[in-house]
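This briefing covers strand pairing, aromatic pairs and charges over rings. Please consult the sequence and structure shown here.

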Amino acid sequence: MGENKRKRGRKPKTPAEETKDFQYTTTATANDVVSASVSVPIPATEPTTDTNNPPPSLRRRGRPPKVKKNDPRANIAASPERRGSRHADQNGDFALATTSTTTTTAVISETVRWETVVKVVPSMDAVVKVFCVHTEPNFSLMWQRKRQYSSSSSGFIIGGRRVLTNAHSVEHHTQVKLKKRGSDTKYLATVLAIGTECDIAMLTVSDDEFWEGVSPVEFGDLPALQDAVTVVGYPIGGDTISVTSGVVSRIEILSYVHGSTELLGLQIDAAINSGNSGGPAFNDRGKCVGIAFQSLKHEDAENIGYVIPTPVIMHFIKDYEKNGAYTGFPIVGVEWQKMENPDLCMAMGMAPNQKGVRIRRIEPTAPESQVLKPSDVILSFDGVNIANDGTVPFRHGERIGFSYLVSQKYTGDYALVKVLRDSEVLEFNIRLATHKRLIPAHIKGRPPSYFIIGGFVFTAISVPYLRSEYGKDYDFDAPVKLLEKHLHAMAESVGEQLVVVSQVLVADINIGYEDIVNTQVLAFNGKPVKNLKSLASMVESCDDEYLKFDLEYQQIVVLRTKNAKAATLDILTTHCIPSAMSDDLKT
């Protein structure tokens, strides 16, 4: 009944219109767009339709359709497009039942199969599903790990028997498996490199069977605004491959959530959902122009997804090939200020034709600290002039932050920097290095460090630790002093860490200290604490009668050395802790 109701009042289609219903535009491996017009096929065993006695495959329930005499459309079968959709699932055969009349255009006598259609888009066969079992460290109880969990994401095959996916897809992995499209086998994979800053990971599979019959994905150039993109992957909502399409809506320096860095990124309006991570984004010529990695979830935003573009991907691949491991993206270790105010420019001694940005602070551990000074004005980087707002020319009619130029370099490379100092133009050839934060954004797969004495648990602050202690909104809920150091503090020397008393495991030895939580340790027995390893070494070798820890807010902790070391063994046994310090502190 419902089908008859939908049919009523609709104008029957002419034979020419039927052919128009089945137009397929697909992408071949050779990256040529192939447009195939497929006329509706007739199975070889099915006879020509008689309008007075239609075959069972076309016969409708209820009354047969009325046919007017001398009607040129009388030979058209009822609702062939609906029948086609019902026949599409039978054993994978794409057999659309329809009629053949003297007015029908060219008819294909063979049955069109799904395999024939798939071969038009072979690049999709290179997209794989990534299965990963994660075992994350427990940053609050550093001597153990959390309960393992599983996740699924996407990836794709590139040259050299390698697979790319997102770093967050295989972070803290204990097992990674890959499954090809249309296969029922999961292959064990090995993680070759994880780029936390750029959120890219490289995998490989030792089984030769995995690589059979698959052509690797080819990379294309950076797309332009409004270029069409197609994101392919295995998002939630089903088990099979999924395709979403859109256009490039923005190209700029983006904040990479997982890496806590800012790199070049593409914003697209194609849907990117959970599970799409690591899947490729193809252009209309079938070449990969990026990797889907994050989306914007906000009540005022819709259909905003982000893609890692090919310049970042190629930097990651070449970095691995050049060094045998991922070394990261270098930075200029300075904080700078815009020079858009004319009075500020005049006060800095800038000529009317000079533009640049003023250096506010320089990281003491950065190589630039040897040559650059605060209040220097950076005029150009590697011969590219920097505007007063910190941007540089980028393709036709576009500008981008000059950090893009820095991100194109590799760790250890040199760059020519032109600065204005006291109205004099100077040039320096500086060596670029990676960012060394006082509070690191990642611990790069290593277990967290800890040291225990007298029930006091000492550890070094990191962003994962803050997230573990205060939740995903740690940047609002964490203590103000820790946040201030997280956002603004710089390491004064290589290897410096922010050491805190994480918690106090209650025992008789530490009565009265139970409420000390996440409080920074400034000194031990009058000596400054540089990092956790130096603190553990000083405590272990201490022969003084007392252990005295100077904490922030002028708070002190004093323990008798002999009693504290003796009580530590009982405390470890009570809390099932295998060792008083992590393995990295023992060496």
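Phenylalanine 210 counts as buried because its relative accessibility is 0% (buried means under 20% relative accessible area, exposed over 50%, partly exposed in between, with a 1.4 Å probe and protein chains only). The model is predicted: local features need pLDDT of at least 70, side-chain atom pairs count only at pLDDT 80 or more, and totals for chains, interfaces and linings use all residues. Residues are numbered from 1 along each chain as its sequence is written, and side-chain values use heavy atoms, leaving out hydrogens and water.

**Aromatic pairs**
- The structure holds 13 aromatic pairs (rings of Phe, Tyr and Trp, the latter by its six-membered ring, with centres within 6.5 Å; planes under 30 degrees apart count as stacked, over 60 as edge-to-face and the rest as tilted).
- Phenylalanine 156 and phenylalanine 219 form an edge-to-face pair, at 6.3 Å centre to centre and 65 degrees between the planes.
- Tyrosine 187 and phenylalanine 210 are also edge-to-face, with centres 5.2 Å apart and planes at 70 degrees.
- Tyrosine 187 is buried, at a relative accessible area of 6%.

**Strand pairing**
- Strands β5 (residues 127-134) and β8 (residues 173-180) run antiparallel and are joined by seven bridges (strands are DSSP runs of E, at least two residues, numbered from the N terminus; two strands pair if DSSP finds at least two bridges between them).
- Leucine 178 stands opposite tyrosine 187 in β9.

**Charges over rings**
- The charged end of lysine 180 sits over the ring of phenylalanine 210, 5.8 Å from its centre (NZ of Lys or CZ of Arg within 6 Å of the ring centre and within 35 degrees of the ring normal).
- Lysine 186 lies over the face of phenylalanine 131, at 4.0 Å from the ring centre.

Methods. Helices (H or I, at least four residues) and strands (E, at least two) are DSSP runs, numbered from the N terminus.
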